[in-house]
Amino acid sequence: MNNWKKTIVSILTLLSVGFGCVTILNAQETWKLDAVKLQEEKKLFDDPRTYVTAYHPRHIIPPKSYAELTYDVPAMKKKMEELVGFKAQDKVGKIAPEIKPGKYSYKDKDKYPGIEKLMIPLEYRRWNPGALPLGFNFPEFEIVPTKQVAFSLPLIEAGLKNEGKTKLDDSGYILEETQEPGLPFPKPSGKFKAQQIIYNLQNSNAVGDSYHGYSRGRTWDRKFKIISKFMQEISYLKLSDRVTPPIGYFDERARKRREQATKKVKFLAPRDSYGDVYFDIFREAADDLTYNYIWLQSMRKFRKLSGGDTQDTKPGSTTIFEDGRDFEQKLSPTRFPYEFKLIDEREFLVPAYSTDGAEYMKREGLEWHNVRLERRPCYVIEAKQLDSSFVYGKRLIYIDQETFQCTAIFNFDQKGRLWRGYSSVYIYLEELGLIGPYYTANWDYLDEQSEFGMTYGIPVSWLGRKDMSIGGIKRTAK
Amino acid sequence: MKKKLILSLFLLAIMAICNGNITQAEIYNVAGKEVHILGQISQTFNYGFKDTYDYEKGINTVLTDALLDAGVILNDELHVNTIVGLSVDWIYDFKHGDDSWGRKGLNLSRDRMYFDDEYWQVLKELHATWTPGNFLFRVGKQAVTWGLIDGPNILNQINPEDGRRGETEIEFENSVIPIWMIRAEYNPGIYNAFLNDLNIQFIFNPNADFIPTQQLEPGPDTNGIFAPAVGEGFGSFDKTEIERDEWDSENFEYGLQFQAFIEGAIVNLNYFKGTANEYVSEMDMEAAIGNIMDHGDPFRYDSIGLAHLPIIVHWPDQEFFGGYISRDMQSWTFMPGKRTPILKFECSYELDKEFEVNSDDVMAGAPPFIEKDVFTWGAGIEWNINIPYITARGNGMTFNSSYITSRILDYDRRLGSPRDDTFLVFIVNTKYLSARLTPEFMLVRDMEANENLYTLSAEYIYNSSITVSGGLKKYDGPSIVEDSSSLGLFQNKNHAFFKITYQF
């Protein structure tokens, strides 16, 4: 081995030892889901196991940190009622009161006409065996008692402390300088009640100030042929209106640059996207577009994406970027403004907040099983798009009155045709006060495609700028 | 025998994985460690439209490319990745013994073009990555890409490339050649109102194994049907290569990159010192004189009458600095759909680049090489626009255009290269059928030579595993090849292509 080889090997060895020591000494306690174990605990199809209880955050998060992230449940529930003004179970049971908790089969439809009154019309059609061309029907379900669902205690307390501070302008748009941590309008009312509900939906922060998880899914065509599959690792860090330390803005940069949140999504599948990392910096001001970047593993390049390209369909998918978290589109008076109308406030029978993850998809016929439904008080909002160049002409949004999570959303094109629909099942981890995405079913009714994603994530209070940066992206990439 | 063994082992590995439980799991648990295994196999067919001295009408390429991409995560900060590949152009078997193939000398390119069995062609990447704290260290055979503009490389000069098949539709993993190097990165945690993020990259190549760019060489006997048209009867060069000594400090390469997010834009500053990936050449006077003495001209003639010019090649030093900026213009919302464009600008200043001198001037006493500085810059725009009645609901039409120009400073008329070299690249595509079908048109234009290369193609996602694509490539420009010609060297090679890819 010549002298240069020896020298280089020696330097590398010294560096390795040196950095190894530094790393060990300065290691911060971190945790995250194990993707392999996640797949072992719950397969994508034909797996009824209750993986949320088997692979609960308390098995992953170190005890000291877990204790810091959990709260007194009775206190949470009491304060949640104070925040929103009611408990969910007090607002249901009035429509079709004869429909009680229990198990129901599609064969019983004629026996229980009240169920049709209770379900969202476009969801009622799913109460059938699986059949072409659209997936995610469910032949049976169980109605479970309505339960109160509470946010984390810091989130509730922030909402109580700052109630009434967030203001809207004369057109119903939020005055960002008045917005404080917590639910902006816990008791929506008045002329702009519909807007307030939408702002609550987009600012509920129910997953917490930081989140890490995995999402797996498939897209099928009208003959139930798989046209796309994906697996993603998701990291999310809230940068403003935080309710856990650092409270408010994450750092000075977030305050000065008015950054709202940052999200990093690494693709683990399919092969041609493997190693790609999407990185977004969401900004507070209504007319400030998101900064989007992508590390393209196939080209080993960092590229800037256009913040305006949010209406494009993701390849092989039924979804567009604007439909992230069901309705991620920013409310703006200048960029695709909406006219919002609250068209109903009533209870619906919707997917229950899952506490065990027992729901599963059957590969044969793309049927849902272990489906639990719950009476939930909901707002129904019609959002009419005022700019004819937007992909949608109208959205119909069903929002839980207690948690302000979107239970279903249906989007119509500019010709008034039903185009895309989304239905969500949420995971509810009670002592953490975390309401996170779990099962999301999407449909493209015009092209007759179905897509479903299964997501599981946990709070990761150690997440910081280091992880959500150029360096963090490159360390995440393959 | 060696080739068949490699092929068999590779196919066995792929079959084993395909037969494994990959339908639900994308990652695996092997001895308690997280393992990712992915791959793809693609089959490409090219169909030529013209029968000429350097091209075959009909199917003239039957290229199989297989890639296996695997990684193991040893812990949160340490992972090892590899990509192995296999490329076989079966046309050499199908055309074995074919009169036309043999008469044109295409069969003589079998060694170089049939089966990629050099270790560095099979073992594409192998590296270990360690990410302690704000650092990243990657050691091994890897690819590092600089630059952003689509088209001729401006900053992207680190890795050699495999240009043997010219404009064939091949993946990045097959077009870029990873080399043995060390990459170190540091993210200093600077997050303020102006400089939103900063990342510093240092690369070091000790030249453990010198692998240059596999250039598109003249001569059907070396580059098969892809060889540029330099005139009937001309074969490959008889090359004497002066390679760089391995592990020699004089041949070490260093690169430094500062990458930042500033006001939402990506901004890069780059510096490189090392060795050029492409060679420069001079006539091998001794061999040429020997040929002149023998039969009156400097060429060596082979058994089928192809003329081979003897040359000496070496890989010169290279040093450049430059940078790029890319930003989306979020205030430019005046187009339908309010989609905003991305603007890009990239430049490099290369010091003392070595150029070949015209052979006539060399014969008259000029040195074979002259060094000159070169300034290259490129500007690009990428814009996704809704076009009523043309674009599908929800999808715009993407226009991606780049203008790249290079100027040799303090130009010397004796140089074999033109002073200015300018290209325009124009790509337009859109999506239909829920983004499963992507038609695309691409134009590459040599502005000085007035030559164009058109590509019309479409890609269709059949299902989650299979993608099919196909299209046409056509040259348009002067029929006489000038010294300044670039795209014109491929004027006989208009063809259709079809490719099917299976991913797993």
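Predicted model: local features only at pLDDT ≥ 70, side-chain atom pairs only at ≥ 80, totals over all residues.

Modeller: Residues are numbered from 1 along each chain as its sequence is written, chains are lettered from A and ligands numbered from 1 in the order in which they are written, and side-chain values use heavy atoms, with hydrogens and water left out.

Colleague: What area is buried between chain A and chain B?

Modeller: Contact means heavy atoms within 4.5 Å, and it takes in 86 residues from chain A and 94 residues from chain B. Buried area is the accessible area (1.4 Å probe) that two parts lose on being put together, summed over both. Carbon and sulfur atoms give 52% of the total, which is about 7500 Å².

Colleague: Which residues of chain A lose the most area to chain B?

Modeller: Three residues together make up 12% of what the chain A side buries. They are A:Arg271, A:Arg300 and A:Lys478.

Colleague: Which side chain of chain B meets A:Arg300 in a salt bridge?

Modeller: A salt bridge is a side-chain nitrogen of Lys or Arg within 4 Å of a carboxyl oxygen of Asp or Glu. The rule finds 7 across the interface of chain A and chain B. For A:Arg300 the N to O distance is 2.2 Å, and the partner is B:Glu125.

Colleague: Why are A:Glu252 and A:Arg255 separated by about one helical turn?

Modeller: These two residues form a salt bridge, with the closest N and O atoms 2.4 Å apart. Helices (H or I, at least four residues) and strands (E, at least two) are DSSP runs, numbered from the N terminus. The separation is about one helical turn because A:Glu252 and A:Arg255 are 3 residues apart in helix H10 (residues 252–257) of chain A.

Colleague: Where does A:Pro246, joined to A:Pro245 by a cis peptide bond, lie?

Modeller: Most residues other than glycine have a negative phi, and most peptide bonds are trans. The bond between A:Pro245 and A:Pro246 is cis, with omega about -5 degrees. A:Pro246 lies in the loop between strand E4 (226–238) and H10 of chain A.

Colleague: What is phi of A:Phe224?

Modeller: A:Phe224 is placed in the loop between strand E3 (210–220) and E4 of chain A. Its phi is positive although the residue is not glycine, with a value near 65 degrees.
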